[in-house]
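Dear colleague,

Please find the structure that I promised to pass on to you. My notes on what was found in it follow directly below, and I would be glad if you read them beside the coordinates.

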Amino acid sequence: MYCVAQGDIGRRVKEALDDLPTKYRPADFARDLDISPQRLNNWLMGENDPPAEMLPKLARRLNKSIQFLLGEPDLPMEVGSALFPISVPKVQLPKIGSISAGDWSDPTDSDDFEFVDAEMADGKGRFACTIDGDSMYDLLWPGDLTIWTKYEFGGRPGLIVIARNGSSQLTTKQLIKRSEGFYLHPLNQKYEDQILKGDPLGFLVGIIRIVGSKRVTVYDPRGIRP
């Protein structure tokens with residue numbers, strides 16, 4: 001969910017496309033986004049705007065921030081600080097504290113609850129946590145409130161997961177598969193891939209972020225992928 005005038009995001013997508021050093025043909029860009037050329041054209045012409053779940057992918061492909069697409073000034077990224085205080089009074093969901101999106105860390109215990117959109121809490125084994133660290137930037141920002149579903153292991157590479165190591169420390173990364181097995185992959189290139197040992201605890205289905213005066217919600221019950 002975001003609050004901008006209709007067509008504004010599409011016009012910013014067009015502006016960012018024109019600024020890229022390597023020019024995209026609209027048809028190629030649409031294929032890269034896995035959408036139809038007509039849908040992309042509707043965005044570029046300002047007839048409608050991309051859905052919230054497309055904003056992280058658009059921002060990465062265009063080398064822009066989500067704030068740019070929303071028309072907000074860019075905010076400095078301060079690792080470990082809660083940049084986006086969350087208050088969404090709808091449905092109660094258990095919160096397990098904070099999860100490191102950096103190196104492995106001990107989980108922050110919490111018996112608290114968060115109030116989230118009803119659809120985000122509509123699932124067995126759902127829980128919330130706050131992101132601490134920058135290894136999954138710019139899909140996940142420090143301070144983001146995230147919603148997770150209990151993971152039943154069966155592969156599914158590409159999902160963002162919470163993993164646990166032998167010391168019961170936690171981290172969140174993207175699950176990828178190589179010939180030698182499953183790995184935990186950070187989106188921030190200053191971190192390295194790590195071999196997955198054990199099963200993930202949960203996979204990401206929702207992100208709630210406050211950017212200036214706007215609330216951005218991304219939700220996909222099948223799992224959010226970069």
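Throughout this message, buried means under 20% relative accessible area, exposed means over 50%, and partly exposed lies in between, with a 1.4 Å probe and the protein chains only. The structure is a predicted model, in which local features need pLDDT of at least 70 and side-chain atom pairs count only at pLDDT 80 or more, whereas totals for chains, interfaces and linings use all residues. Residues are numbered from 1 along each chain as its sequence is written, and side-chain values use heavy atoms, with hydrogens and water left out.

On the overall fold, the protein has five helices and ten strands, where helices (H or I, at least four residues) and strands (E, at least two) are DSSP runs numbered from the N terminus. Of its 226 residues, 50% are buried. If contact is taken as heavy atoms within 4.5 Å, then 63% of the contacts with a separation of 6 or more are between residues 24 or more positions apart.

Thr171, in strand 6 (residues 170-178), counts as buried because its relative accessibility is 0%. A polar atom of the Thr171 side chain lies 3.3 Å from the backbone oxygen of Gly102. Apart from neighbours within four places in sequence, the residues in contact with Thr171 include Ile99, Ser100, Asp103 and Trp104, as well as Val161, Ile162, Ala163 and Leu184.

In helix 2 (residues 26-33), the buried residues are Phe29, Ala30 and Leu33. Seen down the axis of helix 2, these buried residues fall within an arc of 100 degrees, so they line one face of the helix; the arc is that of the directions from the helix axis to the C-beta atoms. An α-helix has 3.6 residues a turn, so residues three or four places apart point the same way. The cover over the buried residues of helix 2 includes helix 1 (8-19), helix 3 (37-44) and helix 4 (55-62).

Some backbone details deserve a look. Asp34, which follows helix 2, lies in the loop between helix 2 and helix 3, and its phi is near 65 degrees, a positive value in a residue other than glycine. Asp34 is exposed, because its relative accessible area is 68%. Ser168, in the loop between strand 5 (160-164) and strand 6, likewise has a positive phi, near 65 degrees, but Ser168 counts as partly exposed, at 43% relative accessibility. A cis peptide bond, with omega about 15 degrees, joins Tyr137 and Asp138, and Asp138 is placed in the loop between strand 3 (127-132) and strand 4 (145-150).

Note on methods. Polar contact = N/O pair within 3.5 Å; in protein donor to acceptor, adjacent residues only side chain to side chain.
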